[in-house]
Amino acid sequence: MDDPWITQEALPVGTAEAEYEGKTGKLRSLEDLPPGHRPRERLFAKGARALGHAELIVLVLGSGTAKLPVLETAQRLVRRHGIKGLSSLGPDDWAREPGVGEALAARLAAVFELGRRAAGLTERERPRITRPRDAWRLTRELANARKEHLVGLYLDAQNGLIQKETISVGSLNTTRTHPREILYPAIEHLALGFILVHNHPSGSLDPSEEDVAFTRAVQRAAETVGIDLYDHLIVAKGGFTSMRERGAF
């Protein structure tokens with residue numbers, strides 16, 4: 001483990017700290033950590049995703065209080081509540097925690113609220129795609145593009161849009177993309193299925209032989225990882241074509 005004092009989930013009290021303290025001695029504050037292991041340095045060196053829950057809490061808390069060092073406070077919070085429990089705490093709940101006054105309580109409540117909002121739209125707010133026209137409405141701006149764009153619409157179990165992503169921009173009349181570049185966003189966003197959309201700058205709404213072969217290759221690749229390719233739309237100034245409805249795959 002890179003930093004054993006950091007836990008991704010709440011561990012029994014003392015588990016992570018004991019492992020670290022066995023090597024380095026008593027661990028209570030950031031000063032007890034080597035410079036390269038301190039949360040701020042690790043954030044800039046490896047990115048926020050590399051940090052554990054307690055490290056992130058440390059960065060939000062800042063300097064902590066004289067009686068309770070910030071590291072000790074962060075570790076206790078994660079052990080006591082777990083990350084799911086922390087996300088549900090309101091400002092008053094935070095303020096009652098030792099080492100967290102009203103100013104820090106407001107900051108923490110705001111951070112978790114921002115996280116909830118940034119995590120994505122709720123299922124009720126997500127656009128639902130239940131027919132080809134719904135997908136076309138979300139991508140019809142491609143009809144005016146001078147180059148061929150390939151876009152993926154990644155959906156949840158209720159056909160709600162999780163992510164709309166431009167996968168590639170090709171030459172004037174062709175897009176060459178490996179199926180893994182299409183499937184990676186599907187796996188990353190835990191999509192149940194997806195729809196591909198690409199434009200024909202020529203204005204033709206008929207799928208080419210290359211379009212059909214490419215779509216079938218993507219469908220086969222998607223099946224191996226348990227993700228469904230629902231449709232592949234061709235968009236042009238004259239409207240759109242559903243390759244699924246055409247029986248192309």
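**Close-up views of a predicted model**

Trp94 is buried, at a relative accessible area of 0% (buried means under 20%, exposed over 50%, partly exposed in between; 1.4 Å probe, protein chains only). The model is predicted: local features need pLDDT of at least 70, side-chain atom pairs count only at pLDDT 80 or more, and totals for chains, interfaces and linings use all residues. Residues are numbered from 1 along each chain as its sequence is written, and side-chain values use heavy atoms, with hydrogens and water left out.

**View 1. Trp94 and Phe112 form a stacked pair.** A search of the whole structure finds 3 aromatic pairs (Phe, Tyr and Trp rings, the six-membered one for Trp, with centres within 6.5 Å; planes under 30 degrees apart are stacked, over 60 edge-to-face, the rest tilted). In this one, the ring centres are 5.8 Å apart and the planes meet at 25°. Trp94 sits in helix H5 (residues 91-95) and Phe112 in helix H6 (residues 102-118), 18 residues apart (helices are DSSP runs of H or I, at least four residues; strands are runs of E, at least two; both are numbered from the N terminus). Phe112 is buried, with a relative accessible area of 15%.

**View 2. Trp136 stacks with Phe240.** The centres lie 5.5 Å apart, with 25° between the planes. Trp136 belongs to helix H7 (residues 132-139) and Phe240 to strand S5, so the pair ties together parts 104 residues apart in sequence. Trp136 counts as buried at 16% relative accessibility. Phe240 is partly exposed at 21%. The charged end of Arg140 sits over the Trp136 ring, 5.3 Å from its centre (the cut-offs are NZ of Lys or CZ of Arg within 6 Å of the ring centre and within 35 degrees of the ring normal).

**View 3. An open sheet of 5 strands has mixed pairing.** The order is S2-S1-S3-S4-S5 (two strands pair if DSSP finds at least two bridges between them). S2 (161-169) and S5 (239-242) are at the edges, each with a single partner strand, so one side of each lacks a neighbour in the sheet. S1 (residues 149-155) and S2 run antiparallel, joined by 7 bridges. Leu155 stands opposite Leu161 in S2.

**View 4. Strand S4 pairs with S3 in the parallel sense.** The pairing spans 7 bridges, with Asn199 opposite Val235 in S4. Of the 9 residues of S4, 7 are buried, so the strand is largely enclosed by the rest of the structure. S4 and S5 form a hairpin with 2 residues between them. Their antiparallel pairing has 4 bridges. Leu233 stands opposite Ser242 in S5.
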